[in-house]
Amino acid sequence: MGVEGAAIAGPGDPLDVDGILTAIAAAARIGFSAAACSILVASEDESALVYRASSGAGAENAVGTVLPVGRGIAGWVVSSGQPIAIADLSEDPRFDRATASAIGYVPRSMVSMPIVLDGEPVGVMHLLDPTRDDDAFEFLAALARASAGAIAAGRRADELRPQGDMATALDLLLGMDEHDRSVALELVGVLARHARGGAVGR
Amino acid sequence: MRPAWSWQFDEGTLRPSPSLACVGPMTKEWAWGGSTGKGVKVGIVDSGIDDSHPEVGAVAGWVAFEYDIAVDGRVRTTDGRHDDAHGHGTACAGIVRAAAPDVELYSLKVFGPSLKGKARVFAAAVRWAIEHELDVVNMSLSTSNPDWFGPFHELADRAYFSRTALVCAINNYEALSYPSEFASVISVAAHEGMDPLSLDYNPAGPVEFGAPGLDVRVPWPGGGWLTTTGNSFAAPHVAGLVALILGKHRGLAPFQVKSILQAVSNLAQ
């Protein structure tokens, strides 16, 4: 079908965190007219970042790729909790072109935003070659918060194995106040309806 | 019977302190004219420093801080030269060096192979800088963990009273940012423009100063350069200016340094 996030299904289905993250990545890619957007999440032992979702160029190859937190731009962003934008990656002699080539897309520019849960960075959003950057950090931060909500819900779902529907699982978001939780739910709901509408494609 | 702490003001106990003896408007020439930052110790709390970069030069001290996974709550320190696996620390060091060529740079590496205990490692580096009497500490990172509000507030106060100026980049997006939000530190965000001597002051907070950080060209490991954007690159610009000020006016307290920065800012009246 080629519809990103279409795995976000209806009541009774298990929570599809990766599907939600893919929809968020698609929203970021489209919103910034970027070549690609990927979401990386820290491994359980917090020593690596794993590509969990991707949208755009190289998306199919990106998912599952692993990067160490101890080096590189992604590692700095998740370790520092600070976003960063780089205009020309070709200037960085240590940029991991081998990984980018293996994924299938070598970007020229990048915006990276940490994903923070309970005050601690747990992942990174990479936006590659965006052609629009107005309010980039603020918009990406909102999407990063939604990603954090999805990750938190997934962790809670793994712990509790709820039998309820997605709305119940999302209601278990950790570390969010009432306002942020309602924003995250509204955003994910919009993305889910958009994905089911089939308007998003690779 | 005397109230607590009144003894600090007793004759023989109270110590003299430098004042801002400026006749006329406080200008950049008065603030740092002729200074190269000589004798000023600047700590870079970051990913390490590549001292082979021609724009960085010699590093006076190296300490790596790492969370000890085997002993929960402990932070190991390792003295000796280390690399910069991420690049960001080298960029900050280079920005400081460009502003104040003769500062003594100290690399306080807080990034390691794991995310575990990051805030604790970060706090350990700041504590080290205070205990070793560094004059300026550039912190292009912060924590959003509310559990660390108290510990970092205490550290910021200790730095303030120890005359260690903490120059902190605030988060690039609206989120908790410790210690960057505290009034006792010199908080920095990026503003438009490339002039390294151009400074904006915002009295409303939580970020007080604006400096170059948009599409700035920074030294990068391997001898190269990178064009990049972030509040984290604005902070070392201000750290460099603070080093220039302290190189010319020794012994100033952080509030005095901040007063000078405000006085020479673009819209100061």
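Predicted model: local features only at pLDDT ≥ 70, side-chain atom pairs only at ≥ 80, totals over all residues.
**Which way does α2(B) pass α5(B), in a left-handed or a right-handed crossing?**

**View 1. Helices α2 and α5 of chain B.** α2(B) passes α5(B) in a right-handed crossing. Two numbers are worth looking for in any such pair: packed helices are described by the angle between their axes and the distance between the axes. Here α2, which covers residues 88–99 of chain B, and α5, residues 231–248 of the chain, pack at an angle of about 35° with their axes 8 Å apart. From α2(B), the residues in the contact are His88(B), Ala91(B), Cys92(B), Ile95(B), Val96(B) and Ala99(B). α5(B) brings Ser232(B), Phe233(B), Pro236(B), His237(B), Ala239(B), Gly240(B) and Leu244(B). Sorted by type, the residues of this contact are 9 nonpolar, 4 polar and no charged.

**View 2. Helices α5 and α6 of chain B.** Stay with α5(B) and turn to another partner, helix α6, which spans residues 254–263 of chain B. The two pack at an angle of about 110°, and their axes are 11 Å apart. That angle makes α5(B) roughly perpendicular to α6(B). The crossing of α5(B) past α6(B) is right-handed. Look for Val238(B), Leu241(B), Val242(B), Ile245(B) and Leu246(B) on α5(B), which meet Val257(B), Ile260(B) and Leu261(B) on α6(B). This contact between α5(B) and α6(B) consists of 8 nonpolar residues, with no polar and no charged ones.

**View 3. Helices α3 and α4 of chain B.** Now find α3 (residues 118–131) and α4 (residues 149–161) of chain B, which pack at an angle of about 15° with their axes 10 Å apart. This makes α3(B) roughly parallel to α4(B). α3(B) passes α4(B) in a left-handed crossing. On the α3(B) side, the contact uses Ala119(B), Phe122(B), Ala123(B), Val126(B), Arg127(B), Ile130(B) and Glu131(B). On the α4(B) side you will find Phe152(B), Leu155(B), Arg158(B) and Ala159(B). The residues where α3(B) touches α4(B) divide into 8 nonpolar, no polar and 3 charged.

**View 4. Where chain B meets chain A.** How many residues does each chain give to the contact? Chain B contributes 39 residues and chain A contributes 37 residues. Together the two chains bury about 3,000 Å² between them, with 50% of that area on carbon and sulfur atoms. Charges also take part: 3 salt bridges are found across the interface of chain B and chain A. Over all chains, the structure holds 13 salt bridges.

**View 5. Two salt bridges between the chains.** Side chains of opposite charge can pair when their charged atoms come close. One example is Arg217(B) with Glu91(A), whose closest N and O atoms are 2.5 Å apart. Another salt bridge joins Lys116(B) to Glu46(A), with the closest N and O atoms 3.1 Å apart. Glu46(A) lies in the loop between β1 (36–42) and β2 (48–56) of chain A.

**View 6. Backbone details to spot.** Most residues other than glycine have a negative phi, and most peptide bonds are trans. In chain B, a cis peptide bond joins Tyr178(B) and Pro179(B), with omega about 5°. To find Pro179(B), follow the loop between β6 (165–169) and β7 (186–191) of chain B. A cis peptide bond also links Gly205(B) and Pro206(B), where omega is about 0°. Pro206(B) has its place in the loop between β8 (200–201) and β9 (209–212) of chain B.

Key
Residues numbered from 1 in each chain as written. Chains lettered and ligands numbered in written order. Heavy atoms only, no water. Axes fitted to C-alpha atoms, helices over the stretch in contact; angles between N-to-C directions. Helix = DSSP H or I, 4+ residues; strand = E, 2+ residues; numbered from the N terminus. Left-handed = near helix turned anticlockwise from the far one by under 90°. Contact = heavy atoms within 4.5 Å. Nonpolar A, V, L, I, M, F, W, Y, C, P; charged D, E, K, R; others polar. Parallel < 35°, antiparallel > 145°, perpendicular 65-115°, else oblique. Buried area = accessible area lost by both parts, 1.4 Å probe. Salt bridge = Lys/Arg side-chain N within 4 Å of Asp/Glu carboxyl O.
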